[in-house]
Amino acid sequence: MANNHKEIVFGLYNDEEDLIRAVKEAKTAHLDIYDVFTPFPIHGLDPVLGLEESRLHIAGFIYGALGTLTAFLGMTWIFTKDWPNVFGGKPYWSVPAFIPITFELTVLFAAIGMTVTFYIVNGLGPGVVNQHLDDRITDDKFCLAFDKGSVSEDKAVSLLKQTGAVEINHKTL
Amino acid sequence: MNQYIFTSKQRNVLIGAMGIGIISMVLTWMNDDAFHTRFWSNFLHNSVFFLGISVMAAFFMAVCVTAYAGWHTTFKRVWEAYSSYMYVGVFFMLILGLGVYMHWHHLYHWADESLLDPNNPEYDKILHGKSSFLNKNWYFFGTIIVVGSWIFFSRKFRQISLDEDKNGDTSYSHHKNLKVYSAIFLPIVGFSSAAMIWQWVMSLDSHWYSTLFAWYTATSWFVSMISLTILLLIWLKSNGYYKEVNDSHIHDLGKFLFAFSVFWTYLWFSQFMLIWYANIGEETIYFRERYDNYPVLFFGNLIINFLVPFLILMRNDTKRKFGSVGLVSIILLLGHWVDFFLMIKPAALITANHALHSLHSGEHGAEHAADPHAAHGAEHVSAFVEGFTLPGLLELGTFLGFLGLFLFVGLYSLSKAPLVPKNDPYLEESLHHHV
């Protein structure tokens, strides 16, 4: 399985503005960026990287609609067919009383569905150990990484140096 | 073009709209019942609606300043202009207040003081209990004091903002001053707007009350204000003004439109469900009347003011594109106007019919049946009676007239100062606003 290993060369920056400049440089030099890692979301980084808009919210809408249907149809069935009960003299099929629960299940389905989808798409989850390039990218360093398989190491290193990376490291993932 | 020019063509269009409004109101007056109920309820409806929009503009400016928000700074002159309508709006409310003294109209059941006399066979204990708040003096002088205080603050905001253009410096003393006034204004407008809504709108159903009503109504005002802001900004941009206002500003306004439409629905439903669940006759009467006699508007209200903005504005790009957000703004402006129709019209008709009924039965009962307008509202009637259970052309004409006046005052005020303020500490942030 040696083919699955990736030889990564990456640079660490002290400032997000440096990172954005470096990404722009890499784009103009037509270097294929493996990934960038930042401690927090950076405004304006997505368009520079040319990332498409996430489709997670579309999934969220579908999960939410599923929750709406589950709650509404579920309660309809329970309160009219399965176990009809009279509450406070109201009809069996009391739509206003269903609305709060419908709302709650909509939110619940959307929230859980999106979380699970997000974890699966990003290969995260309990018990999963992900290798990462450097611990400090979760703290105060901004990382731009190249895959040596698709970008020549020299070009990558020179670009990282040129754009002010404070550290340049290599790692095999 | 940093200076808006109010051209004579625009003036004429707005004066034309006002003319339509005056003609509609005259026609309504001429074809009305003995108390001119349709005229007065339309007058109250539009006066309250547009006065509320201008209050909300001042309120939201104060919110933004207090919350250290900078995104709105480029177009804050639009809100200053909107809030200047309060000078005119208070005048209409005072006509209504004077009408309570002079018995020009019979909109408010509590205005009939004979009901407060324990010796009267029609003595009304509930209204007697409420009479320390629901009385003509509170209505008239409360309006003067409360709206007067709103005018005082919005005038201050405007003065400080204009002075900042001329004399502002990097000590930002103007902005600090503005912050103090905003912070004082917020609790005042928060509590007093509720009192005024009770007085102007909720007391039409004089036996009924709901603690949620003021929030619900104020949210209706707020959504209308955001709609009108979006529409005016789009219009100004299409005329070459406000190059500084970009789609991110519109996006933020669209978010407020979306969020407060959902909040409005939340309040609407909270009020409805609690009353429905408790099922106490004194409370359900409000919805019973509207559900039975106004079914089109009752459900249409929810579809227009909740489903339309919820489904259309849910996506990111529909809040940014002028076409979609503008369309939703038009729908919501009319939708919340209809919402006010539904708050005001049924109650006003019941009260007026009650008064008409006793008037007619006191004189000659036979003519009561012949009066074509006397039956609406109180008894079960068709759901499609123009001007009564549905807004008719005269109602729309009146709306156009008030809208014309509102925009005339607003645009006149807008033309008196540069569109983009100078020396505001948040101006740079607003110019580079990007979301």
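**View 1. Helices α2 and α4 of chain B cross in this predicted model.** The axes of α2 (residues 37-66) and α4 (residues 86-102) of chain B come within 9 Å, and the crossing angle is roughly 145°. The crossing of α2(B) and α4(B) is left-handed. On the α2(B) side, the contact is made by Leu44(B), Ser47(B), Phe50(B), Leu51(B), Ser54(B) and Val55(B). On the α4(B) side, Met86(B), Gly89(B), Phe92(B), Met93(B) and Leu96(B) take part. Eight residues of this contact between α2(B) and α4(B) are nonpolar, three are polar and none is charged.

**View 2. Helix α1 of chain B covers residues 8-30.** The end C-alpha atoms of α1(B) are 32 Å apart, which agrees with the 33 Å that its 23 residues should span at 1.5 Å a residue. Leu14(B), Ala17(B), Gly21(B), Ser24(B), Met25(B) and Thr28(B) are the buried residues of α1(B). An α-helix has 3.6 residues a turn, so residues three or four places apart point the same way. Among the elements that cover the buried residues of α1(B) are α2 and α15 (393-414) of chain B.

**View 3. Chain B touches chain A.** Six residues of chain B are in contact with four residues of chain A. On the chain B side of this contact, five residues are nonpolar, one is polar and none is charged.

**View 4. Chain A is assigned domain 1 and domain 2.** In the domain assignment, domain 1 of chain A takes in residues 2-53 + 130-172, and domain 2 of chain A takes in residues 59-121. The centres of domain 1 and domain 2 of chain A, taken over C-alpha atoms, are separated by 44 Å.

How values were computed:
Residues numbered from 1 in each chain as written. Chains lettered and ligands numbered in written order. Predicted model: local features only at pLDDT ≥ 70, side-chain atom pairs only at ≥ 80, totals over all residues. Axes fitted to C-alpha atoms, helices over the stretch in contact; angles between N-to-C directions. Helix = DSSP H or I, 4+ residues; strand = E, 2+ residues; numbered from the N terminus. Left-handed = near helix turned anticlockwise from the far one by under 90°. Contact = placed C-beta atoms within 7 Å. Nonpolar A, V, L, I, M, F, W, Y, C, P; charged D, E, K, R; others polar. Expected span 1.5 Å × (residues − 1). Buried ≥ 20, exposed ≤ 12 C-beta atoms within 10 Å, placed from the backbone. Domains from an automatic or database assignment.
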